[in-house]
Amino acid sequence: MSLPLTHRNEGRQGMVAAGLALAGVGVLTGRPGLLLASTVPVVLAAHARAATFPSPDLAVERAVSTTTPDREEAVEVTVTVTNEGASTAPDLRFIDGVPTALTVADGTPRHATALRPGESTSFSYAVTAERGHHTFDPLYVVAHDTSGGAARHSEVAVETELECVPPIPPAATLPLRPSAAGITGETVTPEGGAGVAFHTIREYRRGDPLNRIDWHRAARTGDLSTVEYQRERSATVVVVLDAREEGYVASDEHDRTVLERSVEAAGAVYEGRRLVGDRVGVATLSPADCWLAPGTGSGHRARVRSLLATHEALHPLPSDDPFFGVISLSRLRRRLPSDAQVVFCSPLVDDYAARTARRLDAASHPVTVVSPDPTVGTTTGQRLARVERSLRCSTLREAGIPVVDWGDETFQSTVANAVRRWSA
Amino acid sequence: MRWRTALGVVAVLVGLAAAGGLVDVGLPALFVPLVGVVAVLIAAGAVRDSLSADDRPVLPEPERRHAASVPGDEFDTLLDSASLHGRIGGASDRDAIRDRLEQVAVDVLTRYDGDTPERARQRLAAGTWTDDPLAAAFFGEGVDPSTSVIDRVRFAATSDSAFRQQAAHAIAELDRHVAGGR
């Protein structure tokens, strides 16, 4: 359907039918009264038929109470329409272009009125802000003529944008997998240096920090010696989000999708690993390409925050574009630094997700899966989906890939419980 | 369109002139009922058009929120259509569902009950993997679920079927197995 388009109200066909039927019966039965009565609908139908399509000249402004709302904040949207044409617009109907990912919380984005030349009208409603970058669609206008028989549908574009960037959630201290070099994260290297765990004692050299001098030994022997600790090395971690269509499932069709929980988990894992000094990157498996190379520092943190909130690949609604699993996975593998570990955030509702985790793991990128659970057991099919997801979790665990199964608790306490179980 | 309007205008003008006695239009007496019949026919055509043609433009619905897909809803639809009486292809759909569920059941029994795949298949066929007779009957050939009279009447009268009831029981039983081992 391309706009603007014109449309005649075919509901008037009924009037034509009534008029002609009255006239026909009146003629056949020879009753002048019926024939006379038929003139009323015939005249009305003729009026509608003769109507010309109105083409109002409208100026539209859209104001929002804030362009950078918090999540779930109600944003007041006010639309003002002015008739800038020379003639009266007798019947105008408006439908505002609410961004697809937002819900109308209060009021209605529809309005109907008549406008004399130069006259304005305004209507307002509230939407609930969601994570992401949202662009309003044009205002949809249906203008009818006086008879109501002819209508012109058109759109008036008004650029309005909302950007909701939630803060990075509190850190979840997800431990990493042991790698060939030992335990990563608080990774030890063979060399001594600053750190926590004892490594060796060596002779004092000028410039060694005072707190590393072994004073007991100095008191006993009179010689200064310096304690070396195992030097810690930061690990490289890439958080991969499952943002395919299967990453957008929900427990109920009107609920937020599970991707929101994946994004929250990714943020919490990022924060946790960043605080222990790791270099952390972000990638997605999605129709749109998304990659942020591992890095550190406050600039990188701001980029992660903005990417998790507004990247097109993590839009609150699934994309219609096709997803090519093999290509995406090989592109991801090319980009992953050779020593990178992967934290894979996926609801695990299909086999591709589980297979991806195993492939990355087999390609010497130790994988930890974080899986927000979208399954509910209301219907038979939903119960089956829950069984199949549980099987995927246990298959991964059997293959040595830890899975954090995130149910109703907060993500931070789910991780803490999982860590307690793993170390038990 | 234009010529029809012109024809109408000419007819009305001639009619008015004739009524005013300016011209004399000699028409056969049959013409009057003919006009009546034509009017009734056009009226019937207009009614038919207004009933059939609906070319109204589709208006945007900004209040309608995107409906997310719920894991498992697809299977529910599949099970519903496969369970319908007398549906073409229903039998092969039912076979596909049975195969898929059997694979899941074997996986569940090997993982949570410690069976070998062969042993799991034997237990499924013999119906000894569960106490629920309806769940057992879904995989077991010779297992009689002893359907109650009320159920038999219901299956015959509605689109609900024994297949669907047994599948639901089998899945619920597998879910219980998994929940126990979670």
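A salt bridge here is a side-chain nitrogen of Lys or Arg within 4 Å of a carboxyl oxygen of Asp or Glu. D175(B) forms one with R386(A), their closest N and O atoms lying 2.3 Å apart. The rule finds four salt bridges across the interface of chain B and chain A.

This is a predicted model, in which local features need pLDDT of at least 70, side-chain atom pairs count only at pLDDT 80 or more, and totals for chains, interfaces and linings use all residues. Residues are numbered from 1 along each chain as its sequence is written.

**The interface**

Contact means heavy atoms within 4.5 Å. Buried area is the accessible area (1.4 Å probe) that two parts lose on being put together, summed over both.

| Item | Value |
|---|---|
| Residues from chain B | 48 residues |
| Residues from chain A | 55 residues |
| Area buried between chain B and chain A | about 4200 Å² |
| Share of that area from carbon and sulfur atoms | 67% |

In chain B, R65(B), P71(B) and R111(B) lose the most area to chain A. Together they give 17% of what that side buries.

**The sheet in chain A**

Strands are DSSP runs (E, at least two residues), numbered from the N terminus. Two strands pair if DSSP finds at least two bridges between them. An open sheet of four strands runs in the order β2-β3-β7-β5 (chain A), with antiparallel pairing. β2 (58–64) and β5 (103–107) of chain A stand at the edges with a single partner strand each, so one side of each has no neighbour in the sheet. β3 (residues 74–83) and β7 (residues 120–128) of chain A pair over nine bridges, in the antiparallel sense. V75(A) stands opposite V127(A) in β7(A).

Technical notes
Chains are lettered from A and ligands numbered from 1 in the order in which they are written. Side-chain values use heavy atoms; hydrogens and water are left out.
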